[in-house]
Amino acid sequence: MHRLLSLGLCNLLSPSILARVSAMSIIGRRGIHFLHKLNAENVPGALIEHGQSRLIDASLTLIRESAKLRGELVRALGGAVASTSLLGVPLGHNSSFLQGPAFAPPRIREAIWCGSTNSTTEEGKELRDPRVLTDVGDIPVQEIRDCGVEDDRLMNVISESVKLVMEQDPLRPLVLGGDHSISYPVVRAVSEKLGGPVDILHLDAHPDIYDAFEGNVYSHASSFARIMEGGYARRLLQVGIRSINIEGREQGKRFGVEQYEMRTFSRDRHFLENLKLGEGVKGVYISIDVDCLDPAFAPGVSHIEPGGLSFRDVLNILHNLQGDIVAADVVEFNPQRDTVDGMTAMVAAKLVRELAAKISK
């Protein structure tokens, strides 16, 4: 049956898309194969470990110096209490279906600056002002994995990179995924750096709160279980939910999650469009999975789930939210499933633009 379904899916995909999917599969396995080859040739484990450490140190140095330069610029200009800085995490291997979100960060950046629209946000902030938006670049996730670095260590690299951005006051990280597994190390870093829990507004078609989906504790479907277990959030509000099973509801009750499903959105709309979060904690974290949107607005996602939020629904929630936004992420845009004209890339880019305006002050 699975073989027949795979054949049916292949018949629906163009040769170019199939080629990209195949390439992603090859890239995702490359690190494992490389490490196996080294082990087969009896390369000393200490030598491999030393090489991995050098690459990680180089990665962190790049982020550190890039963030330092942006921070110095923003401070020299003056007048900014909080300034958004983009950090890309091109990670897709913890996805349970397609790994295309690993290709998203450069596509989002391209859409932000493509010239088809001006650089002013809806609330009037100018993105070309470094006090509103800077960019420290990407964590070289694939290069790190190519050296055989396991996820425990990789998650630490992501957390440390986020902290390096936050060290450069007034920079605040807006992270470009990547699949949703990145939210765990990002939120962990934010909470640890600020010294306490945050309130989280999570927009998604799925609750991503499985204990360990398919046995993977770092699965993109388990990120919020790790966040809640760690005590990194006081409140977790999940909005746009429309694909949830018994475990998702039970886990939600276990962690005291406030789950707002699409089937009751018309009833919940007024509350959700007038949220006030972050009082008594270290601030507000916003996580936007692009599939929170109905696929009519954002078809370029791995898990297409009809019946979602409109783009204006999302903007109304964001624009009206009262609270100090300390960090955010935009995840699960899959360029391999986008339209030819890059419709979903533009949608993801506008989410980033409006979040940047919301964070910066």
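Biologist: What volume does the second largest pocket have?

Modeller: Please note that this is a predicted model, in which local features need pLDDT of at least 70, side-chain atom pairs count only at pLDDT 80 or more, and totals for chains, interfaces and linings use all residues. Residues are numbered from 1 along each chain as its sequence is written, and side-chain values use heavy atoms, without hydrogens and water. A pocket is an open set of points on a 1 Å grid over the protein atoms alone, where a 1.4 Å probe fits, with protein on both sides within 12 Å along at least five of seven lines. A volume is the space filled by probe spheres set on the points, which are joined across faces, edges and corners. Here the volume is about 280 Å³.

Biologist: Which residues that line this pocket are closest to its centre?

Modeller: Lining residues have an atom within 4 Å of a point. There are 18, and His206, Asp208, Tyr210, Ala221 and Ser243 are the closest to the centre.

Biologist: Are the residues of strand E4 buried or exposed?

Modeller: Buried means under 20% relative accessible area and exposed over 50% (1.4 Å probe, protein chains only). Strands are DSSP runs of at least two residues, and helices of at least four. In E4 (residues 198-203), 6 of 6 residues are buried.

Biologist: Which way do the side chains point?

Modeller: In a regular strand they alternate between the two faces of the sheet. Val198, Ile200 and His202 point one way from E4, and Asp199, Leu201 and Leu203 the other way.

Biologist: How many bridges join E4 to strand E5?

Modeller: Two strands pair if DSSP finds at least two bridges between them. E4 and E5 (residues 233-241) run parallel, joined by 5 bridges.
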